[in-house]
Amino acid sequence: MEQTLAERRRDEILGAAIKVFSRKGYHGAKIEDIAAELNIGHGTFYRYFKNKLDIFNRVLEEIISMAAELVQDVDPFQPRDREEYRRQLEEIGDRLFGLFKARPEFSRILFYEAFGISDPELRKRIREVFDLFGSYTELYLKNGVEKGYLREGMHVKETALAVNAALFEACKRVVLSDDPDRALEIWKETIISLLLGGLSGEGDGAR
């Protein structure tokens with residue numbers, strides 16, 4: 001569907017805001033910085049957004065939406081055994097890491113700037129988003145338990161949040177690495193080995 005002029009202008013302002021928030025941080029960024037990126041007046045900005053917090057919230061929703069879209073076609077009930085689950089984890093990791101490697105500004109905004117803002121509504125929204133991602137991961141874990149390739153008796157919700165915390169930490173670290181491709185491979189191997197093999201050194205581990 002073709003965008004209207006207003007929709008294009010709104011998207012341009014969002015794009016400029018992403019650059020400014022990433023470069024200056026939320027607290028250092030000003031509306032005039034965003035307007036200057038596009039050489040527009042403040043009045044134009046305020047036709048589309050209420051204030052700095054409003055546009056930051058929109059930016060955050062854009063990033064979250066893009067991350068969610070990347071994995072929405074991955075079926076959590078598809079893996080039939082541990083090897084298929086391993087391949088699915090690698091696929092999910094490649095997609096998520098790929099997004100943040102290609103757009104490192106997203107990583108700074110989502111994982112750093114968003115947590116430095118004291119607005120209660122924003123904090124509530126971030127918690128909701130992380131809970132939502134956790135609920136997705138729960139589906140994968142429950143499927144593995146039901147099919148017998150993940151152990152019974154685990155605390156599925158807490159395990160899902162722990163797995164996601166590792167994934168998000170990896171996304172932050174990969175972006176900051178001097179060698180993102182190498183860092184990506186190490187983090188993927190580490191998380192998958194930890195999830196499937198644990199740390200005990202018993203059995204065949206993740207392989």
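Trainee: What are the ground rules for the numbers?

Mentor: This is a predicted model, so local features need pLDDT of at least 70 and side-chain atom pairs count only at pLDDT 80 or more, while totals for chains, interfaces and linings use all residues. Residues are numbered from 1 along each chain as its sequence is written, and side-chain values use heavy atoms, with hydrogens and water left out.

Trainee: Okay, α4 then. What span should α4 have, and what are its end C-alpha atoms doing?

Mentor: At 1.5 Å a residue, the 20 residues of α4 should span 28 Å, and the end C-alpha atoms are 30 Å apart, which agrees. The expected span is 1.5 Å times one less than the number of residues. Helices here are DSSP runs (H or I, at least four residues), numbered from the N terminus.

Trainee: Which residues of α4 are buried?

Mentor: Among them are Ile 55, Phe 56, Val 59, Leu 60, Ile 63 and Ile 64, and also the charged Lys 52 and Asp 54. Buried means under 20% relative accessible area, exposed over 50%, and partly exposed in between (1.4 Å probe, protein chains only).

Trainee: And what covers them?

Mentor: The cover for the buried residues of α4 includes α1, α2, α3, α5, α6 (104-111) and α7. Contact here means heavy atoms within 4.5 Å.

Trainee: What caps the N-terminal end of α4?

Mentor: Asn 51 does, with a side-chain oxygen 3.2 Å from the backbone nitrogen of Leu 53. For polar contacts the rule is a pair of N or O atoms within 3.5 Å; within protein, one must be able to donate a hydrogen and the other to accept it, and residues adjacent in sequence count only if both atoms are side-chain atoms.

Trainee: Switching topic: how many salt bridges does the structure hold?

Mentor: There are 21 of them, where a salt bridge is a side-chain nitrogen of Lys or Arg within 4 Å of a carboxyl oxygen of Asp or Glu. One of them joins the side chains of Arg 95 and Asp 73, at 2.6 Å from N to O. That pair links distant parts of the chain: Arg 95 is in helix α5, Asp 73 is in the loop between α4 (52-71) and α5, and they are 22 residues apart.

Trainee: Is Arg 95 buried, partly exposed or exposed, and what does Arg 95 touch?

Mentor: Arg 95 is partly exposed, because its relative accessible area is 23%. Leaving out residues up to four places away in sequence, Arg 95 touches Leu 70, Val 71, Asp 73 and Val 74. The C-alpha atoms of Arg 95 and Leu 70 are 6.4 Å apart, although the two are 25 residues apart in sequence.

Trainee: Which residues form a network of salt bridges?

Mentor: Glu 83, Arg 86, Arg 87 and Glu 90 are linked that way.

Trainee: What about Arg 108 and Glu 113?

Mentor: Their side chains meet in a salt bridge at 3.2 Å, N to O. Arg 108 is partly exposed, with a relative accessible area of 30%, whereas Glu 113 is buried at 13%. Arg 108 is also touched by Ser 22, which is placed in helix α1 (residues 5-24) and is buried at 16%.

Trainee: Now α9. Why do Lys 188 and Glu 185 sit about one helical turn apart?

Mentor: Because they are three residues apart in helix α9. An α-helix has 3.6 residues a turn, so residues three or four places apart point the same way. The side chains of Lys 188 and Glu 185 meet in a salt bridge at 3.7 Å, N to O. Lys 188 is buried at 10%, and Glu 185 is partly exposed at 41%.

Trainee: What do the buried residues of α9 pack against, and what follows α9?

Mentor: They pack against α5 and α8 (156-176). Gly 198 follows α9, with a positive phi near 70°.

Trainee: Where is Asn 39, and what is its phi?

Mentor: Asn 39 is in the loop between α2 (31-38) and α3 (42-48), and its phi is near 60°, a positive value in a residue other than glycine. Most residues other than glycine have a negative phi. Asn 39 counts as exposed, at 73% relative accessibility.

How values were computed. Helices (H or I, at least four residues) and strands (E, at least two) are DSSP runs, numbered from the N terminus.
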